[in-house]
Amino acid sequence: MPSLLQQFIQRVPGLETRLNQMNQREKLLVSVAAVLFVVTLAYFIAWKPLTDGIAERETKVVAQQELLQWVRENTGRYLSQKGGVQSKDSTPTSSMSGSMSERVTRLATAAKIEVTRMQPQSDSLVVVIDEVPFNALLQFIESLETQAGLVIEHLDATEGGEPGIVRVRRLQVAE
C-alpha cells in the first residue's frame with residue numbers, strides 16, 4: 001500500500017511538496033480525511049446502489065406475488081359467478097342490437113375503457129386496449145359475453161406500467 005500511495009503522490013504535481021511542508025498533525029488529519037473519503041466513495045458508488053436495487057427488486061417481487069394471488073382468487077370467484085367457462089359451441093344470447101364493433105364500442109364506453117384499435121378478422125373482431133384496470137377488463141369481458149352475446153376466442157394481456165393495470169394486446173371476440 002505505501003508504494004501505491006507513493007506512486008500517487010509522485011504523479012500529482014505539487015502534492016509531494018505540500019505534504020513535506022505540513023507538520024505531523026496536519027499529515028495525520030489529511031490521512032484520516034483521505035481514508036474517510038475513500039470509505040464514503042465506496043459506500044455511495046458500490047454499496048448503496050446495490051442494497052437499494054435489492055430492496056427495490058424484493059418490493060417488486062412481493063407486489064407481483066400479491067397480484068398473482070389476487071388474480072387467482074378473483075378468477076375463481078369470477079368463474080364461479082359465471083357458472084364455469086363457456087364453450088365455443090354454445091351461442092350466448094344477446095340483449096343488444098347492432099354489429100359486433102358497435103356492441104363492443106357501446107360496452108367499452110359504458111365501462112370507461114378506451115379502445116385503441118378494432119380490426120375485423122374473418123368472422124371475428126380483434127380489440128386492442130392500451131391500459132385498463134384488471135377489474136374493469138374482467139367486467140368488460142363479462143358484459144361482452146352476457147350483454148352483447150359475444151364469445152371470447154382469444155385474450156392476450158400483459159402487465160401495465162402500474163400495479164393492477166394491464167395492456168390488452170389482443171382480445172378476439174366472435175358471435
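Glu175 and Arg103 form a salt bridge, with their closest N and O atoms 2.3 Å apart. (A salt bridge here is a side-chain nitrogen of Lys or Arg within 4 Å of a carboxyl oxygen of Asp or Glu.) Glu175 sits in the segment after β4 and Arg103 in helix α4, so this pair ties together parts 72 residues apart in sequence. For the cut-offs, buried is under 20% relative accessible area, exposed is over 50%, and partly exposed is in between, using a 1.4 Å probe and protein chains only.

A quick note on the ground rules: this is a predicted model, where local features need pLDDT of at least 70, side-chain atom pairs count only at pLDDT 80 or more, and totals for chains, interfaces and linings use all residues. Residues are numbered from 1 along each chain as its sequence is written, and side-chain values use heavy atoms, with hydrogens and water left out.

**Salt bridges**

Searching the whole structure turns up five salt bridges. Here are three of them.

| Pair | N to O distance | Relative accessible area |
|---|---|---|
| Glu56 – Lys60 | 3.6 Å | Glu56 40%, Lys60 48% |
| Asp156 – Arg169 | 3.8 Å | Asp156 28%, Arg169 43% |

Glu56 and Lys60 are both in helix α3, four residues apart, or about one turn of the helix. Arg57 joins them, and the three are linked in a network of salt bridges. The Asp156 and Arg169 side chains also meet in a salt bridge. That pair links distant parts of the chain, with Asp156 in strand β3 (residues 151–159) and Arg169 in strand β4, 13 residues apart. (Helices, H or I with at least four residues, and strands, E with at least two, are DSSP runs numbered from the N terminus.)

**Helix α4**

Back to the helix that holds Arg103. Across α4 (residues 100–110), the buried residues are Met100, Arg103, Val104, Leu107 and Ala108. They end up on the same side of α4 because they cover an arc of only 130° around the axis, the arc being that of the directions from the helix axis to the C-beta atoms. Thr109 and Ala110, on the other side of α4, are exposed. What do the buried residues of α4 pack against? They pack against β1 (115–121), β2 (124–133), α5 (134–146) and β4 (165–174), where contact means heavy atoms within 4.5 Å. Just after α4, Lys112 adopts a positive phi of about 60°.

**Helix α3**

Helix α3 covers residues 24–82 and includes Tyr78. Is Tyr78 buried or exposed? Tyr78 is buried, with a relative accessible area of 15%. Leaving out residues up to four places away in sequence, Tyr78 touches Leu138, Ile141, Glu142 and Glu145. The C-alpha atoms of Tyr78 and Leu138 are 8.2 Å apart, although the two residues are separated by 60 residues along the chain.

There is also a record to check against the model. An unreviewed UniProt entry lists residues 28–47 as "transmembrane region"; its positions are given in the numbering used here, feature names are shortened, and annotations may be inferred rather than shown by experiment. In the model, residues 28–47 are 100% helix and 0% strand, with the end C-alpha atoms 27 Å apart.
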